[in-house]
Amino acid sequence: TVPLKNYEIPAIYEYYAVPRLEKDAFLVARITDWDQYNFLEGEASLYFEDAFVGRSVLEARSLSDTLSISLGRDRSLVIGREKVDTYSKTRTIGGSKTETRRFKIMARNKKPQTVRLKIFDQVPVAAIDDISVELLEKSGARFNQQTGDLLWELQLSPQAQQELFVEYEVKYPKRERVMLE
């Protein structure tokens, strides 16, 4: 292969993390006004911080004005999620059961610059009317009540760490079996 043209393109870099599923953060470069470069559709080699990070496929036929390119995992951001047992409890009152769960989400930036980080989590959503879910704490997250999705948008300073908390309560009949985690 022979490189035909090299571009240095300004991009908005954002990190995405879903600590419930994965302990790593993923970096995504968002390029606006990318159609001015007349990219051809096909494979592209990606470099970040003067290091080869992998290959991707550019979809030049996209109708979006922003091109998103995944740059993979970045181990300079440490993400964690753990259950806080002292706040998690189960109570039975009459014919119903109430369970409370609390989780601590930690994010630490080991990079020398401030980063934009989006953290996603989710609380249970009641599938039947006999079950109710109440969100007790969300540490400033945006909450979608229909899907149970939580989203935090953080600006993490260099060497900074932030803790977020999610706490919810689920009330259901004793005869039902409910999976909360």
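1. The largest pocket holds about 1,400 Å³ of space. For the search, a 1 Å grid is laid over the protein atoms alone, and a pocket is an open set of points with protein on both sides within 12 Å along at least five of seven lines. Grid points are joined across faces, edges and corners, and the volume is the space filled by probe spheres set on them.

2. Before going on, the ground rules: this is a predicted model, where local features need pLDDT of at least 70, side-chain atom pairs count only at pLDDT 80 or more, and totals for chains, interfaces and linings use all residues. Residues are numbered from 1 along each chain as its sequence is written, and side-chain values use heavy atoms, with hydrogens and water left out.

3. What lines the largest pocket? There are 32 lining residues, with Lys5, Asn6, Tyr7, Ala44 and Ser45 nearest the centre; lining means having an atom within 4 Å of a point. By class, 20 are nonpolar, five polar and seven charged. Here Ala, Val, Leu, Ile, Met, Phe, Trp, Tyr, Cys and Pro count as nonpolar, Asp, Glu, Lys and Arg as charged, and the others, Gly among them, as polar.

4. Strands S2 (25-32), S3 (42-48), S4 (51-58) and S5 (66-74) each supply at least two residues of that lining. S3 gives the most, with seven. Strands are DSSP runs (E, at least two residues), numbered from the N terminus.

5. Phe120 sits in strand S9 (residues 115-122) and counts as partly exposed because its relative accessibility is 30% (partly exposed lies between buried, under 20%, and exposed, over 50%, using a 1.4 Å probe and protein chains only).

6. Ser139 is in the loop between strand S10 (132-137) and S11, whereas Gln159 is in the loop between S12 and strand S13 (161-173). Buried or exposed: which is Gln159? Gln159 is exposed, because its relative accessible area is 57%. Ser139, at 29%, is partly exposed.

7. Thr147 is in the loop between strand S11 (142-144) and strand S12 (149-156). Its C-alpha is 8.4 Å from that of Pro124, 23 residues apart along the chain.

How values were computed. Helix = DSSP H or I, 4+ residues; strand = E, 2+ residues; numbered from the N terminus. 1 Å grid on protein atoms, 1.4 Å probe; cavity = no way out; pocket = protein on both sides within 12 Å on 5 of 7 lines; lining within 4 Å.
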